[in-house]
Amino acid sequence: MPPIRDVMPAFELFQPASVGDALGILGRHGADAWVMAGGMDTFDWLKDRIRKPKVVVDLGMVDELRGIKDASGGLEIGAMTTLTTVANNPLVKERFPLLAAAALIVASPQIRNQGTVGGNVSQDARCWYYRAGWPCYRAGGNICYADTPTSINREHAIFNADRCVAVNPSDTAPALIALDAEFVIKRGGAERVVPAREFFVGPGIDITRLTVLQPGDLLTAIRIPATWAGKAHYFEKVRDRQVWDFALVNIAATLNMSGSTISDARMVVNGVAAEPYRLDAVEAAIKGKARDKATADLAADLAVQGAVPLRHNAYKVPLVKALVKRAIRGEAEWTS
């Protein structure tokens, strides 16, 4: 049974004014520290009394982590830039409209005004068994409560389930992978740059987390190269309600067209695995083909190869197929 909880755990609050100060605090407190961006995921954990950090590092005063600037035709976005800012920024809308579309459709206006792009890609799994404190694999136990004969698993994984069947909940994550973005992570005096695809991890790598971030790490910026600027972009999110809800499935696609022929592509779906699921076989198969119904049908069949639905989420298989077809055909395509 999940634990019985009473009051929000006490913690020491730090509000650094610079990246250097934040890194110093994180370095001193290590695994005892919790990094808070907009707080949308953080306060869920704290109010539910599941996470009990000794130290919370609030990044709200670190102005250098905010903003969007040109980077040789691409963009660099500070990790603390709000989703509303990303969605409304003229450069994002002009060069990478699928990222603007993904940011615009997260949750509600109030949450987008507070939530950040760094927080959106770093949030934890939303499986209700895990979030309620059940001792599952992801929480250090020895069972997945969402994968039993009586489980409620309508929102869970159909790909790459390895003991845990929770899914990645981010809307901006698949868009950033489709744009070949890079994540800048600082730790102490060191900096490393991680391709977006490698930033997210599945249970086969580490079942206790969704990203490569470790205690002491600080995500400071996201860099998007000019490679896919101005290309054909597509983003769509399917959810139960048109506001607030996390995606049942979403898709982000970029296509480089040579006339009516697809010369290169990136296609990523989320809500179907513990990490954003890049459709490598689809990308390879559609190169050199027309953006038409025949290509869309081929891509849809390839997209769901290897899918293993659970008791209540088999609907995700035809849903993925439908979204892939729509992305290939360019239906309701997001443009600037």
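**View 1. Strand 10 is a mostly covered strand of this predicted model.** Of its 10 residues, 7 are buried. Strand 10 covers residues 249-258. Two pairings of this strand are shown in the views that follow.

**View 2. Strand 9 pairs with strand 10.** Strand 9 is made up of residues 232-238. The two strands run antiparallel, and 7 bridges join them.

View 3. Asn250 stands opposite Asn270, which belongs to strand 11. Asn256 has Asp264 of strand 11 as its bridge partner.

**View 4. A hairpin links strand 10 and strand 11.** Between the strands there are 2 residues. Look for Gly259 in this hairpin. Its phi is positive, near 70°.

**View 5. Strand 11 is mostly covered.** The strand spans residues 261-270. Here 7 of the 10 residues are buried.

**View 6. A second hairpin view shows the turn between strand 11 and strand 12.** In this hairpin, 6 residues lie between the strands. Gly271 sits in the turn. Its phi is positive, about 85°.

**View 7. Three residues form a nonpolar patch on the surface.** They are Met8, Phe11 and Leu13. Together they have about 240 Å² of accessible area. Leu13 is part of strand 1, which runs over residues 12-14. The relative accessible area of Leu13 is 45%. Leu13 therefore counts as partly exposed, as the value falls between the 20% limit for buried and the 50% limit for exposed.

Note on methods: Residues are numbered from 1 along each chain as its sequence is written. This is a predicted model: local features need pLDDT of at least 70, side-chain atom pairs count only at pLDDT 80 or more; totals for chains, interfaces and linings use all residues. Side-chain values use heavy atoms; hydrogens and water are left out. Buried means under 20% relative accessible area, exposed over 50%, partly exposed in between (1.4 Å probe, protein chains only). Helices (H or I, at least four residues) and strands (E, at least two) are DSSP runs, numbered from the N terminus. Two strands pair if DSSP finds at least two bridges between them. Patches are made of residues with over 30% relative accessible area and no salt bridge: like charges are joined within 9 Å, nonpolar side chains (Val, Leu, Ile, Met, Phe, Trp, Tyr) within 5 Å. Accessible areas come from the Shrake-Rupley method with a 1.4 Å probe; for residues, only the protein chains shown count as cover. A salt bridge is a side-chain nitrogen of Lys or Arg within 4 Å of a carboxyl oxygen of Asp or Glu.
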